[in-house]
Amino acid sequence: MNKLAILIPCYNEGMTIKKVVKDCKKSTIDIPRTKIYVYDNNSSDNTVSEAQDAGAIVRHEYQQGKGNVIRRMFREVEAECYIMIDGDDTYPTDAIPEMAAKVFDHHVDMVVGDRLSSSYFEENKRPFHNLGNVIVRKSINFFFKNDIKDIMTGYRAFSYQFVKSYPVLSRGFEIETEMSILAIENNMLIENQVIDYRDRPDGSESKLNTYSDGFKVLRRIFTLFRNYRPLQFYSIISVLLILFATVLFFPNVWIPYIQTGLVDKMPTLVVCGFLLLTGIISYSSGMILDSIVQKEQREFEFRLEIIQQQFKRQLQEQSND
């Protein structure tokens, strides 16, 4: 087991990957048993040769997508602490020791490299990326009641427990959103660390599509809110349906009935009845799903305990060797 594993997912980062690997080596020279892994995702340039020349361990994920790469990395690498950093040379590697120290010394499960509180808005030349980051951050912090400062950052530190308990479901750039929400919902310890950000060098292009990937992220937030907070989600639907039924019922059915003793708009009465029943069913579904989510959270705690015991055994075996 490594003391520290630096994980770099890459797709066509031949221009910058050698510098990133060398900077990581320089920043972690005082941390023993540190290994740097570059996971190539079908690059068509010289990413692999540049990473090898810099001294990184190069591995491959042939299924396209950042989420697929991270799934592969988390499955294959064993370490006491993990640092995930992009290969585009936009993050300062000198923050690695401090981020790792939070995992080692304070048992933090995820350290978030916060670009948005420093130089991101001045350095980033893509205005819609700036707006998208703000929307995603505010949405998650509103729906899930947390204070993560930068949801979309690719610079993070993880504990062994987080990496080995995290079920990677996203295939693309929604992965950062997914891992943030999972940590929030499972009461894992999260800390923000402000980091400097510098824009990509000239000639280096972002793989993130502002619009299509942005909509995927927002859709993922909606899906995860439904999955993790079903009682809130279906209660909102229930209230809206019952309010709509009420607005239709009183002026169109109830008041005319009081005045004439007749129900002139029978179809409206039927629609109101269906809306009311649907609202009740929606709320009931939310209650049932909420109990299932609570059961899953209890089982997740048991899985964490098993992973913790496995972690201790590996450390003991390593010390005996």
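This is a short chat about a predicted model of one protein.

Q: How many helices and strands are there in the protein?
A: The predicted model has 11 helices and seven strands.

Q: And is the protein a compact globule or more spread out?
A: More spread out than a compact globule, because its radius of gyration is 25 Å, well over the 20 Å that the globule rule gives for 321 residues. Along the principal axes, the C-alpha trace spans about 90 × 50 × 35 Å.

Q: What percentage of the residues count as buried?
A: Of the 321 residues, 48% do.

Q: Which residues have the most contacts inside the largest nonpolar core?
A: F74, Y82, F158, F162 and M179. That core has 44 residues.

Q: Which helix gives the largest share of this core?
A: Helix α8, residues 175–185, with six residues.

Q: How are the two helices oriented to each other?
A: The axes of α3 (residues 66–76) and α8 cross at roughly 55° and come within 9 Å. The two helices are therefore oblique to each other.

Q: New topic: Y160. Where is its place, and is Y160 buried or exposed?
A: Y160 sits in helix α7, residues 160–165. Y160 counts as buried because its relative accessibility is 0%.

Q: What surrounds it, then? Which residues is Y160 in contact with, apart from neighbours within four places in sequence?
A: Y160 is in contact with M1, E78, A79, E80, Y82, I307, Q310, F311 and Q314. Y82 is also one of the residues with the most contacts inside the largest nonpolar core.

Q: How many residues apart along the chain are Y160 and I307?
A: They are 147 residues apart along the chain, and their C-alpha atoms are separated by 8.4 Å.

Q: What share of the contacts in the protein with a separation of 6 or more comes from residues 24 or more positions apart?
A: Such residues account for 76% of those contacts.

Conventions
Residues are numbered from 1 along each chain as its sequence is written. This is a predicted model: local features need pLDDT of at least 70, side-chain atom pairs count only at pLDDT 80 or more; totals for chains, interfaces and linings use all residues. Side-chain values use heavy atoms; hydrogens and water are left out. A nonpolar core is a set of buried Ala, Val, Leu, Ile, Met, Phe, Trp, Tyr and Cys residues joined through side-chain atoms within 4.5 Å. Buried means under 20% relative accessible area, exposed over 50%, partly exposed in between (1.4 Å probe, protein chains only). Helices (H or I, at least four residues) and strands (E, at least two) are DSSP runs, numbered from the N terminus. Axes are lines fitted to C-alpha atoms, for helices over the stretch in contact, and angles run from 0 to 180 degrees between N-to-C directions. Angles under 35 degrees count as roughly parallel, over 145 as roughly antiparallel, 65 to 115 as roughly perpendicular and the rest as oblique. The radius of gyration is taken over C-alpha atoms; the globule rule is 2.2 Å times the number of residues to the power 0.38. Contact means heavy atoms within 4.5 Å.
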